[in-house]
Amino acid sequence: MNQSIIQWFRFGSPQAFYPIAGRMIPWFWAAAAAFGIAGLWISFFVAPTDAQQGEGYRIIFVHVPASWMSMFLYLIMAFWAGLGLALNTRLSGMMAQAVAPTGALMALLSLWTGALWGKPMWGAWWVWDARLTSELILFFLYLGFMALQAAIDDPRRADKAGAILALVGVVNIPIIYFSVKWWNTLHQGSTINLTKAPSMAHTMLWGMLLMALCFWMYSIAVALTRVRAIILERERHTDWVKHAVE
Amino acid sequence: MLNVSGLACSRGERRLFSDVGFSLDVGEWLHVQGENGSGKTSMMRLLVGLSPADAGEIRWRNEPTPSTEFRRDLIYLGHHAAVKEDLTPLENLSLAAALDGIALDERAALAALVRLGLRGREELPVRVLSAGQKRRVLLARLLTRPAVLWVLDEAFNALDVAAVKLLGELIAEHLSAGGMAVLTSHQPLPVPGGKALVL
Amino acid sequence: MNAFFATVRRDLLLALRRKSEVLTAVFFFVIVTSLFPLGIGPEPVLLKKIAPGILWVAALLATLLGLPRLFAADHVDGTLEQMALSPSSLGLLVAGKILAHWLLCGLPLVLLAPVLGLQFDLDAPALGILTLALLLGTPLLSLIGAIGAALTLGVRGGGVLLALLVLPLYIPALIFGAGAVEAHIAGLGAGGHLSLLAAMLALAVFFAPWATTAALRIALE
């Protein structure tokens, strides 16, 4: 076997990954803070007030990156789950398990900020808008994944069952998304759309991108912290964990 | 024919066994022994391919298992009854054969049931039979399903003296006809010869 | 292929010996659809408008009711182990079980739907579209549901968990199924909806038995 592949497998072992993750986490937190401060500064002080929506539109600087993140994280979760199923590596399943709660949080944040924006714009906390509805269904898919993993005692079986569910979800997400969109147009849904409504100024785009980077860094930092906890929990009977915890 | 090497298995955090190896040839049988919880059943499930091994290799006719050929040559009877309570013994046998893709005429099925001492009970639902009789319905599959390798986990449980003797005879006949068997049991088995594997 | 039909025959025979389990889901479907007019009021215009949605949601829940039993009995008595070790491919046997489940839990709903549709003042062409949509949609529900049933096999609180896993995946079937009837009533034509349902069914026929088989092998480990 070739040298670099051996290297990869070495990092793939929980024991080797644990200290590496520990060293990486502070950097991701620092990057998250830096992007977050820059993004918030642009979104509050630099981006112009929207002519139609006033100051209320500024919530899109949280809403849009959170929606993006919730979808990306599902893909990442499914990627790790699929990798674990194909190569039977222990770390992959742990990664999938670690990503899921952050994904669910992002979906919830997206729904919540969507509702906050919807109240002044549509006059209702909840409107069956295509994007919000898809986001709600995505949130349910995350909950299902986490509930299935929590219900199965044997972690290896939990990983594999979760992986199949995540892959089935990935196949279904586009179908769900287009069906909801179709349903929405058929029923003459709302015409104002959260992401399309403001004719986006350059500064707005920058603010959104910086916030998206902040959310990326935050998600990676939190997922790595969580995967470290999962490694300790699952490998608690091994000698190296006993040494590491001391 | 059956070559097992370096087999290892753990349940949760506990290592049940490691580096188990044996080989079986035509006419030979293996007695897997061990205390409660030593991993006999886990060993059998690894062997037939229901659960994956942590390490090790199982080869059948020099091919790694599980293969379709291995499944065609294998019959595994475990702890479970594996018979449908709402069906009659005859229906159970013929449907099990149909699911396995094996043609089984009714006379052969009846003969198997008679051999297992179930004469007159072919048409009763299995639910009204006793535990030992249910077990006999399952064991009748040994006669209706042509297989080279018999893997029987605690097959002698819940059987009366006559049935234990009968099963011993069936296994001996199978071995002399060129078959192989892997058995687990706590008690000494009424089958002559045999290799032993202690877990 | 013989093993496939043998599985269908076996599951139908078992259901025939225990009719109550099948009838429960059918009665559930009838009762739930009949409850809506009582809760909403007997106004025909409103009932006609919501009929497709109600019938579809009720069909969804009735299918869900039968799903936990799809593999549970075979798992408990060890028959599923035998199937996994059978020389026949497990995927084929699983496909047979799913077809039997649809014949027992899905087809009765399709046949009953036009009768129940009359309660909601649907006219004959709309009833035809409703039946056709259910005929395409209920096998889809059985196929997707089987994946969930296999994943939750032998798991604590499996029934509720199954609903949580499967219902979000049922949403496209619900949207296009109920949408077909609504589109027809609105005079838009149901062809698009029905062909999309058929496309999803074709996708599920190839994909779902495979995923179900993989999940069952994991559950048996």
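Modeller: A residue counts as buried when its relative accessible area is under 20%, and as exposed when that area is over 50%. The model under discussion is predicted.

Biologist: Why is F4(C) called buried?

Modeller: The relative accessible area of F4(C) is 12%. The limit for a buried residue is under 20%, so F4(C) is buried.

Biologist: What makes the pair of F4(C) and F5(C) edge-to-face?

Modeller: The planes of the two rings stand 75 degrees apart, and an angle over 60 counts as edge-to-face. The centres of F4(C) and F5(C) are 5.1 Å apart, where a pair requires centres within 6.5 Å.

Biologist: How many aromatic pairs are found over all chains?

Modeller: The search of the whole structure gives 13 aromatic pairs. One of them joins F44(A) and F45(A), at 6.4 Å centre to centre.

Biologist: Why is the pair of F44(A) and F45(A) called tilted?

Modeller: Its planes make an angle of 50 degrees. Stacked pairs lie under 30 degrees and edge-to-face pairs over 60, and the rest are tilted; the pair of F44(A) and F45(A) is therefore tilted.

Biologist: Is F45(A) buried or exposed?

Modeller: F45(A) has a relative accessibility of 65%. The limit for exposed is over 50%, so F45(A) counts as exposed.

Biologist: How do you know that the charged end of R228(A) sits over the ring of Y18(A)?

Modeller: The charged end lies 4.1 Å from the centre of the Y18(A) ring, and the distance criterion is within 6 Å.

Biologist: What makes α2(C) roughly parallel to α6(C)?

Modeller: The axes of α2(C), residues 19–40, and α6(C), residues 90–118, cross at roughly 30 degrees and come within 10 Å. Angles under 35 degrees count as roughly parallel, so α2(C) is roughly parallel to α6(C). The contact involves residues including V22(C) and F29(C) of α2(C), and L104(C) and L112(C) of α6(C). The crossing is right-handed.

Biologist: Why are α7(C) and α8(C) described as roughly antiparallel?

Modeller: Their axes come within 9 Å and cross at roughly 170 degrees. An angle over 145 counts as roughly antiparallel, and the two helices are therefore roughly antiparallel to each other. Among the residues in contact are I129(C) and L140(C) of α7(C), and L165(C) and A173(C) of α8(C).

Biologist: What makes V151(B) a buried residue?

Modeller: V151(B), in strand β7 of chain B, has 0% relative accessibility. The limit is under 20%, so V151(B) counts as buried. Beyond its neighbours within four places in sequence, V151(B) is in contact with residues including M44(B), L74(B) and V182(B).

Notes
Residues are numbered from 1 along each chain as its sequence is written. Chains are lettered from A and ligands numbered from 1 in the order in which they are written. This is a predicted model: local features need pLDDT of at least 70, side-chain atom pairs count only at pLDDT 80 or more; totals for chains, interfaces and linings use all residues. Side-chain values use heavy atoms; hydrogens and water are left out. Rings of Phe, Tyr and Trp (its six-membered ring) pair if their centres lie within 6.5 Å; planes under 30 degrees apart count as stacked, over 60 as edge-to-face and the rest as tilted. Buried means under 20% relative accessible area, exposed over 50%, partly exposed in between (1.4 Å probe, protein chains only). A charge sits over a ring if NZ of Lys or CZ of Arg is within 6 Å of the ring centre and within 35 degrees of the ring normal. Axes are lines fitted to C-alpha atoms, for helices over the stretch in contact, and angles run from 0 to 180 degrees between N-to-C directions. Helices (H or I, at least four residues) and strands (E, at least two) are DSSP runs, numbered from the N terminus. Angles under 35 degrees count as roughly parallel, over 145 as roughly antiparallel, 65 to 115 as roughly perpendicular and the rest as oblique. A crossing is left-handed if the near helix is turned anticlockwise from the far one by less than a right angle, and right-handed if clockwise. Contact means heavy atoms within 4.5 Å.
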